[in-house]
Amino acid sequence: MHEGNELIDMEEILEIMDNDMELIQECFQDFINEYPRMLQNIQNAILSGDTKGLDSHAHKLKGSLRYLAASETADIASKLEYKGKAGELKGAESLLETLSESCEKLKEFMSAYKG
């Protein structure tokens, strides 16, 4: 059992990526490079009251997280996406904080992961 299993379902990601460790490493690196901008886009949408933007940016991040088998973190992004769809920003900042912390933990796990 790999450490960090609560963050990423390693069995699922190995299945998604057809046991290609190089591809997994590349995808982890892509996520590490991309997620800060994605979180910034979500924050900007919340701060400007752009619920459509919140929906769109949270949806994009959720998709990346699901592809990486990070379902708990993806569920947080999904809640933000739903808030955007519903036109509801109440509690979005707090969810974003939780999402950000979870992405940081993912980054730490992905950075240390050697397969």
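In this predicted model, helix 2 (residues 21-47) and helix 5 (residues 92-112) have axes that come within 10 Å and cross at roughly 170°. Axes are lines fitted to C-alpha atoms, for helices over the stretch in contact, and angles run from 0 to 180 degrees between N-to-C directions. Helices (H or I, at least four residues) are DSSP runs, numbered from the N terminus.

**Helix 2 with helix 5**

- The crossing angle makes helix 2 roughly antiparallel to helix 5, a term for angles over 145 degrees.
- Helix 2 contributes Phe28, Phe31, Ile32, Tyr35, Leu39, Ile42, Gln43, Ile46 and Leu47 to the contact, where contact means heavy atoms within 4.5 Å.
- From helix 5, the residues in this contact include Ala92, Glu93, Leu96, Leu99, Cys103, Leu106, Phe109 and Met110.
- The contact of helix 2 with helix 5 comprises 15 nonpolar, three polar and three charged residues. Ala, Val, Leu, Ile, Met, Phe, Trp, Tyr, Cys and Pro count as nonpolar, Asp, Glu, Lys and Arg as charged, and the others, Gly among them, as polar.

**Helix 4 with helix 5**

- The axes of helix 4 (residues 71-86) and helix 5 come within 9 Å and cross at roughly 155°, which makes helix 4 roughly antiparallel to helix 5.
- Helix 4 passes helix 5 in a left-handed crossing, meaning that the near helix is turned anticlockwise from the far one by less than a right angle.
- Thr73, Ile76, Ala77, Lys79, Leu80 and Lys83 of helix 4 take part in the contact, and their partners in helix 5 include Leu95, Leu96, Leu99 and Leu106.
- Nine nonpolar, three polar and two charged residues form the contact of helix 4 with helix 5.

**Helix 2 with helix 3**

- The axes of helix 2 and helix 3 (residues 51-67) come within 9 Å and cross at roughly 160°.
- Helix 2 and helix 3 are therefore roughly antiparallel to each other, and their crossing is left-handed.
- Among the residues in this contact are Cys27, Phe31, Met38 and Leu39 of helix 2, together with Gly53, Leu54, His57 and Ala58 of helix 3.
- The contact of helix 2 with helix 3 has twelve nonpolar residues, four polar and one charged.

**Confidence and conventions**

- The chain has a mean pLDDT of 94, and 96% of its residues reach 70 or more; pLDDT is the predictor's confidence in each residue, from 0 to 100.
- Among the elements of the chain, helix 4 has the highest mean pLDDT (98) and helix 1 (residues 10-16) the lowest (94).
- Residues are numbered from 1 along each chain as its sequence is written, and side-chain values use heavy atoms, with hydrogens and water left out. Local features need pLDDT of at least 70 and side-chain atom pairs count only at pLDDT 80 or more, while totals for chains, interfaces and linings use all residues.

**Aromatic pairs**

- There are four aromatic pairs, counted where rings of Phe, Tyr and Trp (its six-membered ring) have centres within 6.5 Å.
- Phenylalanine 28 and tyrosine 113 form an edge-to-face pair, 5.5 Å centre to centre with 70° between the planes; edge-to-face denotes planes over 60 degrees apart.
- This pair links distant parts of the chain, with phenylalanine 28 in helix 2 and tyrosine 113 in the segment after helix 5, 85 residues apart.

**Leucine 14**

- Leucine 14 lies in helix 1.
- Leucine 14 touches Asn19, Met21 and Ile24, not counting residues up to four places away in sequence.
- Leucine 14 and alanine 69 are 55 residues apart in sequence and 9.3 Å apart in space, C-alpha to C-alpha.

Definitions and conventions: Helices (H or I, at least four residues) and strands (E, at least two) are DSSP runs, numbered from the N terminus. Angles under 35 degrees count as roughly parallel, over 145 as roughly antiparallel, 65 to 115 as roughly perpendicular and the rest as oblique. Rings of Phe, Tyr and Trp (its six-membered ring) pair if their centres lie within 6.5 Å; planes under 30 degrees apart count as stacked, over 60 as edge-to-face and the rest as tilted.
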